[in-house]
Amino acid sequence: MDASAASFATRVLGWYQRYGRRSLPWQRQNAYRVWLSEIMLQQTQVATVIPYYQNFITRFPNIKSLAEASIDDVLQHWQGLGYYARARNLHKTAQIIRDRHGGRFPRTIDAVEALPGIGRSTAGAILSFAFAQSWPILDGNVKRVLARCFRVQGWYGQSATMQQLWYLSESVTPGENTADFNQAMMDIGSMVCVKSRPKCEICPLKKFCGSYIHHSQALFPQKKPVKAKPHKTTLMLLHRHGEQVLLWRRPPSGIWGGLWSLPEVDDEDAIKLWQQSFLSMSHPPGTIQENAIRHQFTHYSLDISIAIIELERLPRKISDSDNYLWVDIDALENHGLPTPVRKLFASLQE
Ligand code: SF4
């Protein structure tokens, strides 16, 4: 550990002596209790966990009693905490410890990480709290503190970012007093370096904190970038004859499959060709309303322009006539139309 990492740890430990949480019911307890608390705390706040923890410990005071219980009994004592996979893994793990580890909680990082429901951070927490070993942790609170202090680039879903965070956690974790240090880092994350409006003025790390020094707390941890949706455009053709409009039935698959809509072309230049192909005639559009409606799909947005074409006479025949229909404007509601097309007609009627 270099001098600045040592001084980082000294400040964290000093803060812990004065302000840290030191009387939680699972602190300075055996590995079974520490493990149970770590699993309960994975998705849940401390205040919520405490009564569940005490109730669970009363019913299942040790690994043996948990391993021998029925899964229904375990789940019943978990009821209300949510994320029930955690309870199933606890039960399974208790049986593995009974059957393969002689009923004693394993003491090596590899053996602990191999147990169901225990990742690297939870394994580090259990071994440091229960056996005073020196292992780094990286729960949500610690990640946030480190990401802000060291202005870590990237978001948690990126492996390079996680590698850097693990590297930083390893670098600042001291070889001694690791339990207090790990608890302190979690406490600083949950009490001081909170998600919004971190309390930097009272933070023991402000001297080391790049985000504090550069006034960039709000930029870290970096968020997953929101991808701009691709943008598409289409031009719908509204052929009118008196009070009738020409609808087109869309193909059965694809967007708005099987619904009645309006024929579409890419741009104004394609109108004539479309009319010649399907109506055996051509008629210029009276007006084109650009981007009359914007519709959001999950993966893209669609700007719909509309060309309004008033026909003096009906075309003699329509190619692909099964999929075209002249409909009275008043009867449009009797046909299944996609929402944006329905909106388009409503806006035109206004
Ligand atoms: S100084 Fe502020 S941003 Fe930096 S670790 Fe402390 S609370 Fe978090």
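I took helices (H or I, at least four residues) and strands (E, at least two) as DSSP runs, numbered from the N terminus. The model is predicted, and I required pLDDT of at least 70 for local features and pLDDT 80 or more for side-chain atom pairs, while totals for chains, interfaces and linings use all residues. Residues are numbered from 1 along each chain as its sequence is written, and side-chain values use heavy atoms, with hydrogens and water left out.

**Entry 1: a loop residue, Q43**

I looked up Q43 and found it in the loop between α2 and α3 (46-59). Q43 is partly exposed, at a relative accessible area of 47%.

**Entry 2: domains**

I read the domain bounds from an automatic or database domain assignment. The assignment gives domain 1 (3-219) and domain 2 (231-349). Taken over C-alpha atoms, the centres of domain 1 and domain 2 are separated by 59 Å.

**Entry 3: salt bridges**

I counted a salt bridge where a side-chain nitrogen of Lys or Arg lies within 4 Å of a carboxyl oxygen of Asp or Glu. The count by this rule is eight salt bridges.

R21 pairs with D187, with 3.0 Å between the closest N and O atoms. R21 is partly exposed at 25% relative accessible area, whereas D187 is buried at 0%.

K64 forms a salt bridge with E68, the closest N and O atoms being 3.7 Å apart. Both residues belong to helix α4 (residues 63-68), where K64 and E68 are four residues apart, about one turn of the helix. K64 is exposed, with a relative accessible area of 54%.

R250 and E264 form a salt bridge whose closest N and O atoms are 2.7 Å apart. This pair links distant parts of the chain, with R250 in the loop between β2 (244-249) and β3 (260-261) and E264 in strand β4, 14 residues apart. I recorded R250 as buried, at 11% relative accessible area, and E264 as partly exposed, at 27%.

**Entry 4: a charged surface patch**

Lys and Arg count as positive and Asp and Glu as negative, with His and the chain ends not counted. I placed each charge at NZ of Lys, CZ of Arg, CG of Asp or CD of Glu. Accessible areas come from the Shrake-Rupley method with a 1.4 Å probe, and for residues only the protein chains shown count as cover.

On the surface, D266, D267, E268, D269 and E290 gather in a patch of negative charge. I located D266 in the loop between β4 (264-265) and α13 (269-278). D266 is exposed, with a relative accessible area of 67%.

**Entry 5: backbone geometry**

Most residues other than glycine have a negative phi, and most peptide bonds are trans. I therefore listed the exceptions noted here.

F220 and P221 are joined by a cis peptide bond, with omega about -10 degrees. P221 lies in the loop between α12 (210-213) and β1 (231-241). In the loop between α12 and β1 I also found H215, which has a positive phi of about 55 degrees although it is not a glycine. H215 counts as exposed at 69% relative accessibility.

A132, not a glycine, has a positive phi of about 55 degrees. A132 is in the loop between α8 (120-131) and α9 (140-149), and counts as exposed at 67% relative accessibility.

**Entry 6: C-alpha separations in two further loops**

I found S319 in the loop between β6 (301-310) and β7 (324-328), partly exposed at 25% relative accessible area. The C-alpha atoms of S319 and L279 are separated by 6.7 Å, and these residues are 40 apart along the chain.

D330 is in the loop between β7 and α14 (339-349), and is exposed at 69% relative accessible area. Between the C-alpha atoms of D330 and Q244 I noted 8.8 Å, for residues 86 apart along the chain.

Note on methods
Patch = residues over 30% accessible without salt bridge, like charges linked within 9 Å, V, L, I, M, F, W, Y side chains within 5 Å. Buried < 20%, exposed > 50% of the residue type's maximum accessible area, 1.4 Å probe, protein only.
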